[in-house]
Amino acid sequence: MGLAGCPGGNQQDAGADLAPRPDLVTSSDLATTPDLATTPDLAAAATLSGQVQPIFNATCSPCHVTQTPRAGGLDLADGASRAALVGVVSTRCLTPGPRTRVVAGDPAQSYLIDKLGAGAAFCGGQMPLNRAALSQQDIDTIRSWIAAGAQDN
Ligand code: HEC
């Protein structure tokens, strides 16, 4: 009954909408706030080949590309990384429950982000292991790729 009553209810309230609404007036300020209006970081999502794989190559390759077997059973080599990440469940982190390395479209549920020290709790060591954490910019780059669907791009 709530939904069916909506159109009639709106007409009834139409007069009230003409009254001064301070909250609506001030909301126009948001449009002139540059960072809220444009959010350039989200405008162009990072791509795997353009921004994400170069991070893996530069920082993760000693253990996840050239080492045999690959550390943690995770191959981050160019051409192999996406298949090893997206939808693949970690065999090591089973408590409190199995973790998927990358959940396409959902950085907050992606174990990879947690392992970089930028999310929820994780098992084992923070990545890159025994090295300085990735910069916030690099982590945001990986997040942005995942949020846009972790595509093969
Ligand atoms: C010095 C070696 C080393 C480096 C460098 C390193 N890793 Fe790891 N990584 C490991 C080891 C060893 C494990 C397995 C133990 C663990 O999970 O802590 C692992 C596990 C992982 C896992 C969990 C895999 C799973 O399914 O449980 C992820 C995700 C990961 N690394 C991502 C990265 C990323 C991304 C980088 C680069 C930013 C990186 N690692 C750099 C050694 C390394």
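1. Is D75 buried or exposed, or does it fall in between? D75 counts as partly exposed because it has 18 C-beta neighbours inside 10 Å. On this scale, a residue is buried if 20 or more other C-beta atoms lie within 10 Å of its own, exposed if 12 or fewer, and partly exposed in between, with C-beta atoms placed from the backbone.

2. A word on the model before going further. It is a predicted model, in which local features need pLDDT of at least 70 and side-chain atom pairs count only at pLDDT 80 or more, while totals for chains, interfaces and linings use all residues. Residues are numbered from 1 along each chain as its sequence is written.

3. Now for the overall layout. The chain has eight helices and zero strands, so named from DSSP runs numbered from the N terminus (H or I, at least four residues, for helices; E, at least two, for strands). Of its 153 residues, 22% count as buried. Among contacts between residues at least 6 apart in sequence, 45% join residues at least 24 apart; two residues are in contact if their C-beta atoms, placed from the backbone, lie within 7 Å.

4. Back to D75, which you will find in the loop between α5 and α6 (81-85). Leaving aside neighbours within four places in sequence, D75 is in contact with H64, R70, A80, S81 and A84. H64 is 11 residues away along the chain, and its C-alpha atom is separated from that of D75 by 5.2 Å.

5. Do have a look at the ligand. It is surrounded by 23 residues, the closest being C60, C63, G72, S90 and G124; a residue is near a molecule if its C-beta atom, placed from the backbone, lies within 6 Å of it. Helix α5 (48-64) and helix α7 (111-115) each supply at least two residues of this shell, and α5 gives the most, with five. By class, the shell has 12 nonpolar, seven polar and four charged residues. Here Ala, Val, Leu, Ile, Met, Phe, Trp, Tyr, Cys and Pro count as nonpolar, Asp, Glu, Lys and Arg as charged, and the others, Gly among them, as polar.

6. Helix α5 also packs against another helix. The axes of α5 and α8 (residues 136-147) come within 10 Å and cross at roughly 130°, and the two helices are therefore oblique to each other. Angles under 35 degrees would be roughly parallel, over 145 roughly antiparallel, and 65 to 115 roughly perpendicular, with the rest oblique. On the α5 side, L48, Q51, V52 and I55 meet D138, T141, I142 and W145 in α8. By class, this contact has five nonpolar, two polar and one charged residues.

7. G50 is also in helix α5. It is partly exposed, with 13 other C-beta atoms within 10 Å.

8. Some backbone details deserve a glance. Most residues other than glycine have a negative phi, and most peptide bonds are trans. A cis peptide bond joins T68 and P69, with omega about -5°, and P69 is in the loop between α5 and α6. Another cis bond joins T95 and P96, with omega about 10°; P96 is in the loop between α6 and α7.

9. Lastly, two residues with positive phi. N130 has phi near 60° and lies in the loop between α7 and α8, where it is exposed, with 8 other C-beta atoms within 10 Å. A150 has phi near 50° and is in the segment after α8; with 24 C-beta neighbours inside 10 Å, A150 counts as buried.

Definitions and conventions
Axes are lines fitted to C-alpha atoms, for helices over the stretch in contact, and angles run from 0 to 180 degrees between N-to-C directions.
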